[in-house]
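This report concerns a predicted model. It is intended to be read alongside the sequence and the coordinates.

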Amino acid sequence: MLQVKHIDVFYGDVQVLHDVSFEVREHEIVALIGTNGAGKSTILRTISGIMRPEAGEILFGDVPIHNLEPYKLVDAGMSHVPEGRRLFVEMTVEENLDMGSLRGKAKAEREKTREVVFDLFPRLKERRKQLCGTLSGGEQQMVAIGRGLMSKPKLIMFDEPSLGLAPILVKEIFNIIEKIRQEGVTVLIVEQNVKQTLSISDRAYVLETGRIVLEGAGETIMNDEHVKTAYLGV
Amino acid sequence: MTSAQLEVLLQTLIAGVLLGGLYALIGVGMTLIMGVMKIINLAHGELMMVAMYIAYLLFSLFHLDPYLSVFIAAPLLFLLGMAIQKFLINPVLKVESILPENQVILTVGLGMVLANLATMIFTSDYLSTPVDYATKAWYLSDFWRSSPIELSLSYPWSVSFLIAVVITLCLGFFLTKTDLGKSIRATAQDSEAALLMGVNVDRMRVITFGLGSGLVGAAGCLLIPIYYLYPDLGGQFTLIAFVITILGGLGSTVGAIIGGIVLGVFESLTATYIGMGWAPVGRFVIFVAALIFLPGGIASLLQRKRFGR
């Protein structure tokens with residue numbers, strides 16, 4: 001479904017991604033694991049078209065997308081739930097959800113999709129008229145995920161969805177992500193919360209200083225000696 | 001307070017609110033552009049001057065009432081604003097330069113070009129549109145015979161105010177109820193998140209600059225029946241819009257509307273109680289006071305109320 005082939009990405013003169021390649025197959029949950037500054041978010045920002053690779057290519061379906069404008073990628077069925085939630089804090093929950101369904105078919109089915117999101121997060125339905133700036137961190141993450149689903153994506157990318165949440169909420173968020181996959185949406189997830197992420201992932205890639213150093217099934221990665229010492233602290 | 005003093009005070013407040021309504025319309029245009037682009041458009045007053053010359057031409061050539069010229073001048077200014085953003089500001093945004101805010105410098109230059117073009121075409125004579133209702137007014141005693149005080153309400157000032165209110169309400173509806181309006185607000189709040197939602201951010205910038213220019217263009221048409229016109233009038237209105245934008249809290253439309261009214265009333269009070277010539281001083285006193293005591297502007301007060309902090 002998504003193929004990233006040998007991309008190099010720079011911030012100004014500094015190269016942050018070196019020859020990164022990976023793929024996400026349909027209906028998979030794929031995780032990108034790595035420490036702060038490894039380049040995980042940069043990968044997602046490059047896939048969504050906010051940054052451009054200097055070399056290499058990115059295919060979505062079989063179409064090259066690395067030169068497309070971000071809004072065309074939304075049309076193509078890609079959704080990106082950004083790090084730190086990035087809600088429109090001076091808009092209500094409902095307005096934020098509307099912002100996820102601005103284009104084409106998603107706009108026509110806005111009301112219906114909104115009900116699906118409210119089924120997934122009943123708490124948002126109660127707070128639909130509330131400004132997002134007044135919500136708790138967990139609720140904000142729910143809005144961010146809901147907003148990402150409003151475009152009816154084929155592929156949804158999560159950037160650190162558990163960041164700053166209480167452990168019980170983290171568990172809930174991961175349950176929701178599994179549920180989203182069951183609905184037929186492919187998931188690419190970037191996380192520092194290695195253990196929980198690997199437990200729901202089919203496959204994972206380990207990223208260190210802008211290079212992929214390890215790849216394999218979630219289970220395999222979890223039992224890898226290097227990963228154990230570097231990320232799981234066992 | 002004697003009834004004569006009360007009369008003066010009330011009359012001053014009425015004049016201030018009417019003036020403030022027009023100021024609000026001028027300020028909202030700059031504020032919208034500020035919110036989305038994060039730059040101050042320092043050609044804002046000059047764009048209004050262009051609209052006023054359009055209204056003047058329509059009046060002197062076709063005897064079109066300045067209030068009706070809103071429907072021609074505002075759309076023309078909308079197109080002009082979009083063209084400025086698309087062909088002048090967007091290319092400058094993409095150039096790396098030593099000045100981080102070179103788009104602002106660009107708008108300064110644009111303002112000079114517009115003012116000088118106007119001087120070349122129309123000379124620097126003072127012009128006006130002598131409409132027959134210019135001095136008409138309603139008097140309180142016409143409606144209430146035994147009224148202890150006498151107040152008057154100027155006809156053109158009131159009509160201008162009402163149209164300004166209607167335009168502002170339409171803008172509010174557009175920004176809160178339509179997808180396009182929400183996309184503009186989303187771009188102002190977090191442009192990268194808006195990009196990820198499928199908003200064509202470059203297009204929003206073009207539309208917003210058009211919208212801000214159209215609004216100030218409408219304000220120009222509302223101002224011309226009660227004001228006179230000359231090529232250099234833009235500068236002072238750019239400053240007024242700037243003060244309102246700061247007072248409102250950089251990018252908050254509601255803040256700018258309140259800021260416009262506050263400024264209008266404050267100027268009116270200064271003009272009555274200190275002296276006509278002191279009104280601009282009042283304007284800058286409130287500007288400096290806002291910077292010192294309310295750096296977040298009126299928006300920060302509103303926010304404290306809405307978010308409970």
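**Domains of chain A**

The domain assignment divides chain A into domain 1, made up of residues 1-77 and 153-234, and domain 2, covering residues 86-152. The C-alpha centres of domain 1 and domain 2 of chain A are separated by 23 Å. Their contact draws 10 residues from domain 1 of chain A and 10 residues from domain 2 of chain A. On the domain 1 side, helix 2 and helix 8 (167-182) of chain A each contribute at least two residues. Helix 8 of chain A provides the largest share of that side, with 3 residues. By class, this side of domain 1 of chain A has 8 nonpolar, 1 polar and 1 charged residues.

**Ile43 of chain A**

Ile43(A) belongs to helix 1 (residues 40-47) of chain A. Is Ile43(A) buried or exposed? There are 30 other C-beta atoms within 10 Å of Ile43(A), so this residue is buried, the cut-off for that class being 20 or more. When residues up to four places away in sequence are left aside, Ile43(A) touches Leu17(A), Val20(A) and Leu32(A). Between Ile43(A) and Leu68(A), the separation is 25 residues in sequence and 15 Å in space, C-alpha to C-alpha.

**Interface between chains A and B**

In the contact between the chains, 23 residues of chain A meet 18 residues of chain B. On the chain A side, the elements giving two or more residues are helix 2 (70-76) and helix 3 (93-99) of chain A. The largest share, 4 residues, comes from helix 2 of chain A.

The table sets out the classes of residue on two contact sides.

| Domain 1 of chain A, touching domain 2 of chain A | 8 residues | 1 residue | 1 residue |

**Helices 3 and 9 of chain B**

Two packed helices are described by the angle and the distance between their axes. For helix 3 (residues 70-94) and helix 9 (residues 201-223) of chain B, the axes come within 7 Å and cross at roughly 145 degrees. This crossing of helix 3 and helix 9 of chain B is right-handed. Their contact comprises 16 nonpolar, 9 polar and 3 charged residues.

Helix 9 of chain B has 23 residues, which at 1.5 Å a residue should span 33 Å; its end C-alpha atoms are 33 Å apart, in agreement. Because 20 of the 23 residues of helix 9 of chain B are buried, this helix is largely enclosed by the rest of the structure.

Methods: Residues numbered from 1 in each chain as written. Chains lettered and ligands numbered in written order. Predicted model: local features only at pLDDT ≥ 70, side-chain atom pairs only at ≥ 80, totals over all residues. Axes fitted to C-alpha atoms, helices over the stretch in contact; angles between N-to-C directions. Left-handed = near helix turned anticlockwise from the far one by under 90°. Nonpolar A, V, L, I, M, F, W, Y, C, P; charged D, E, K, R; others polar. Expected span 1.5 Å × (residues − 1). Buried ≥ 20, exposed ≤ 12 C-beta atoms within 10 Å, placed from the backbone. Contact = placed C-beta atoms within 7 Å. Domains from an automatic or database assignment.
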